[in-house]
Every structure is written in structure tokens, then in C-alpha cells.
Amino acid sequence: MSSLIDADEISHESELVWLEDIDTLEYVRQSLDRLPTRKGRPAYHRDGRMVGYAILGPDAKASRASGTFRRRVFWLLPHDRDTEPEGLYAKSAPAEAVDPRTLQPRVKGYKTERSEGGPPSVAMQELGIQLPL
């Protein structure tokens, strides 16, 4: 979950790969998955779809116990706001969700008014960013 992702756990990220246009997504879910490689598209085993993932730099070390690497994966479920705008998350976001525009390698990301389904903040208004209504 975003609040539970520690900066140390993502300190070896070198790149985030997006499989979809994040400008059209108000939020994405993020998790730290144990994966067999530092880079490349990971297998996806959840409902819904993967929308992005992190690539780790060559200095990332595998776990001694499992031989796996902890990498972030970004995903959405079938009942998320992008497919059900009036559904469960019409005016909120799941705990592990963050605004994808706040994500960068080694940056855990944050919830914003936009990701929470609320009206745009003063800063968003000043920048001319409008929410889809």
C-alpha cells in the first residue's frame, strides 16, 4: 500500500514503465511484488489489469531467502473508477491507490483531490487542470 511502501524498498528503481496512458487514469493501485527479475514485464496474476511496473537498476540485490526482487507493480481492478465511474470508488480511492502523475522512480506517489474523486484543488485550478465530470 502506498503509505506502507518505504523509500528504502524502492531506492533501486531506475525507471517506471507504463502500459497505458496515465493521463487518462485518476488513480492506479500500487504494490510491491516479489519478482524473479530486476527488469522486464512481470507476469500478472490479479483480477483486472496491470498498467505499469518498475525496473530496478543493476545494484538491486535479490533476497537471500527467496532469490526474488521487490518491484512495484501498478494495476487496476474491474470495479475501479476508470471502468465504473459511478461505482464504489466514484468519490474515493482504494487504500493502495495513488495519483499516477505523482509517481517517479524512487518516489512512492500520493493521493490527490483528483485521485480521491473530489473537486480540483486550487493548485489544479490555477494550472487549468479540470476533472472529467
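This report walks through the fold, the nonpolar cores, the aromatic pairs and the salt bridges of the structure above.

**Overall fold**

Please keep in mind that this is a predicted model. The protein chain has 1 helix and 5 strands, and along the sequence these follow the pattern β-β-β-β-β-α. Of its 133 residues, 42% are buried.

In soluble globular proteins, nonpolar side chains tend to be buried together. Here the largest nonpolar core has 13 residues, and the members that touch the most others are Y27, V28, V51, F74 and L103. Strands β3, β4 and β5 are the elements that give two or more residues to this core. A second, separate core holds 8 residues, including V17, Y53, V73 and W75.

Beyond its neighbours within four places in sequence, L103 is in contact with L16, W18, V28, Q30, R72, F74, V98, K108 and G109.

**Aromatic rings**

The structure holds 2 aromatic pairs. In one of them, W18 and F74 have ring centres 4.9 Å apart and planes at 35°, a tilted arrangement. This pair links strand β1, where W18 sits, to strand β4, where F74 sits, across 56 residues. W18 is partly exposed at 24% relative accessible area, whereas F74 is buried at 0%.

The rings of Y27 and Y89 have centres 6.4 Å apart and planes at 80°, so this pair is edge-to-face. Because Y27 lies in the loop between β1 and β2 and Y89 in the loop between β4 and β5, the pair ties together parts that are 62 residues apart in sequence. Y27 is buried, with a relative accessibility of 3%, and Y89 is also buried, at 15%.

**Salt bridges**

Side chains of opposite charge can pair when their charged atoms come close. A search of the whole structure finds 10 salt bridges, and the table gives some of them.

| Salt bridge | Closest N and O atoms |
|---|---|
| E20 and R49 | 2.5 Å |
| E96 and R29 | 2.4 Å |
| R101 and D99 | 2.7 Å |

Let's take these in turn. E20 forms a salt bridge with R49. E20 lies in the loop between β1 and β2 and R49 in strand β3, so the pair ties together parts that are 29 residues apart in sequence. Both partners are partly exposed: E20 has a relative accessibility of 25%, and R49 has 26%. A network of salt bridges links E20 and R49 with D82.

The salt bridge of E96 with R29 spans the chain as well. With E96 in the loop between β4 and β5 and R29 in strand β2, this pair ties together parts that are 67 residues apart in sequence. E96 is buried at 12% relative accessible area, and R29 is buried at 4%.

In the salt bridge between R101 and D99, R101 is partly exposed at 33% relative accessibility, while D99 is buried, with a relative accessible area of 4%.

Methods
Residues numbered from 1 in each chain as written. Predicted model: local features only at pLDDT ≥ 70, side-chain atom pairs only at ≥ 80, totals over all residues. Heavy atoms only, no water. Salt bridge = Lys/Arg side-chain N within 4 Å of Asp/Glu carboxyl O. Helix = DSSP H or I, 4+ residues; strand = E, 2+ residues; numbered from the N terminus. Buried < 20%, exposed > 50% of the residue type's maximum accessible area, 1.4 Å probe, protein only. Core = buried A, V, L, I, M, F, W, Y, C linked by side-chain atoms within 4.5 Å. Contact = heavy atoms within 4.5 Å. Phe/Tyr/Trp six-rings, centres within 6.5 Å; stacked < 30°, edge-to-face > 60°.
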